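Good morning, and thank you for making time for this.

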Amino acid sequence: MTSNVELQPEAGPSTPSTPSTPRTPSTWATLRSLLLRLHFYAGLLVAPFLLVAAVTGLLYAASFQLEQVVHAHELTVPVPEGQQKVPLAQQITAATAAHPEGTLGAVRTFDEPGQTTRVLLDVPGLAESTRLAVFVDPYTGQVRGALESYGSSGALPVRTWISQLHRHLHLGEPGRVYSEMAASWLWLVGLGGLVLWLTRRRRAGQRLRRVVAPERGARGLRRTLSWHGSVGLWALIGLLALSATGLTWSKYAGANVDVLQTSFGWSTPSMPSSGGHGDHAAGGHGGGGTQGVDADQVVRAAAGSGLSGPLEVVWPSSEPGSSYVVKEMDRLWPQRNDQVAVDPTTGQVTAELRFDDFPVVAKLIRWGIDGHMGVLFGLANQILLAVLAVALISVIVWGYRMWWLRRPTRGFGAPYRRGGLRRLPLVVILPLAAVVIAVGVFLPLLGISLLAFLVIDVVLARIAASRAGRSGADEPGADESGADESGADESGADRSGAGVSG
């Protein structure tokens, strides 16, 4: 059995006892104590952001199925036996006639039987990235209804509401700070927790099992720590992916990611002459183009270039040389995201953009974002997101429970002893400081909050020093001698850290 208590040699009758010399902690022990203190502060102060992100993320994972139930009338229709679909141009004409206030922007078609066609109209007064989706029965050409559609995923009102709750709590741009804070810290808290968990002292015969699974028969603080660490370990890869992909479209760190992509040529390529939205000259309010090409011809031209599955046909703008752009919208695996441009006059394919030709980093970002949005593997992706959300919620709750259990008779659990940074050699401090500064600049909210933690820590140090000067008592906290500060040791002593994630 491993113990944190050092055994001293028994003194004989002729051997005078000598006072023990305080052991100087190693560099690793000092670094570990610093990591414990950071994990404590991050868990205590950042965990609320992570908890909100996890709860709203769990709701978002369920929003896809909820959307199918709430908007079933618009999304699905009965499939008449033996009846063929009416021409796409006819469906578009019916949609634009029912809503003449809108300008035709795009059309989404689906191969799956019973799915309605979506005709997307640009309507004045709608929010940014929002269009009016008119749902048409592809077998009869009748309009089934109209709903606001948000973003590239075509989220309908119920999913849009939940998605924006997760993104910015319906607070607009200021609310995005919360989600970026959560994404900025999730990877750091997770990796820090991993290091602390893997470096805990365990009995040799059961090390692996106690790393990957909760400890059997443990109670109290030790049991909570066991679940906190093992569940965090299993969820870590998924949580790191969510952190990275969340940062790619965050406000401040996302801008730095864009600069990095552009600098290294990793940006997602775009279709030339794709035009825009607004005054669409070709196609007007109907399904036939004013220059002789209708939607059905455009789809056939795209099919001739190998495009299939769910498609989005984007109408040309009024700009000279603008073309139809047909995009594959299949986000399942393997993905189909090829695009072609079709001349609105001749109906010929004039340009192609193949997903296989994307830079590797652009592909990884596309897959990561689709996975974060729950569309990469369909239902399996959504279940995985739900499992990760539940795991993160559980790890946070266990972390707060450890913080509570570590408390003395009054008050709350104290952070670990400070002063480790002063004991590090300069050859360690300098590169460590350089890394911290670089990460803080690239992830501004992480850098600002780290600075805030430092200020809080200095203030607490001054308060503790003042109290110690009056009472002669030392500051409470776990020691930094390199013993198992992260939790209960194998001798049964409960000395758990209060880190909340990882």
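The largest nonpolar core has 30 residues, and those touching the most other members are Leu50, Trp185, Leu239, Leu392 and Phe453. Please bear in mind that this is a predicted model. Two or more residues of this core come from each of helices H1 (27-45), H2 (47-70), H6 (176-198), H8 (220-248), H12 (379-405) and H15 (444-471). There is also a second, separate core of 24 residues, including Val107, Leu121, Val134 and Val313.

At what angle do the axes of H2 and H6 cross? They cross at roughly 105 degrees and come within 8 Å. Because angles of 65 to 115 degrees count as roughly perpendicular, H2 and H6 are therefore roughly perpendicular to each other. On the H2 side, the contact is formed by Phe49, Leu50, Val52, Ala53 and Thr56, and on the H6 side by Tyr178, Met181, Ala182 and Leu186. Classified by residue type, the H2 contact with H6 comprises eight nonpolar residues, one polar and no charged.

I turn now to the sheet. Eight strands form an open sheet in the order S4-S3-S2-S1-S5-S6-S7-S8, and the pairing is antiparallel. Strands S4 (143-150) and S8 (349-353) are the edges, each pairing on one side only. From one strand to the next, the twist averages 20 degrees.

At the S8 end, strand S7 (residues 339-342) pairs with S8 in the antiparallel sense over four bridges. Here Ala341 stands opposite Ala351 in S8.

Finally, helix H4 (residues 88-98) lies across strands S1 (103-109), S2 (117-122), S3 (130-136) and S4. Relative to S2, helix H4 runs at about 45 degrees.

Conventions: Residues are numbered from 1 along each chain as its sequence is written. This is a predicted model: local features need pLDDT of at least 70, side-chain atom pairs count only at pLDDT 80 or more; totals for chains, interfaces and linings use all residues. Side-chain values use heavy atoms; hydrogens and water are left out. A nonpolar core is a set of buried Ala, Val, Leu, Ile, Met, Phe, Trp, Tyr and Cys residues joined through side-chain atoms within 4.5 Å. Buried means under 20% relative accessible area, exposed over 50%, partly exposed in between (1.4 Å probe, protein chains only). Axes are lines fitted to C-alpha atoms, for helices over the stretch in contact, and angles run from 0 to 180 degrees between N-to-C directions. Angles under 35 degrees count as roughly parallel, over 145 as roughly antiparallel, 65 to 115 as roughly perpendicular and the rest as oblique. Contact means heavy atoms within 4.5 Å. Ala, Val, Leu, Ile, Met, Phe, Trp, Tyr, Cys and Pro count as nonpolar, Asp, Glu, Lys and Arg as charged, and the others, Gly among them, as polar. Two strands pair if DSSP finds at least two bridges between them.
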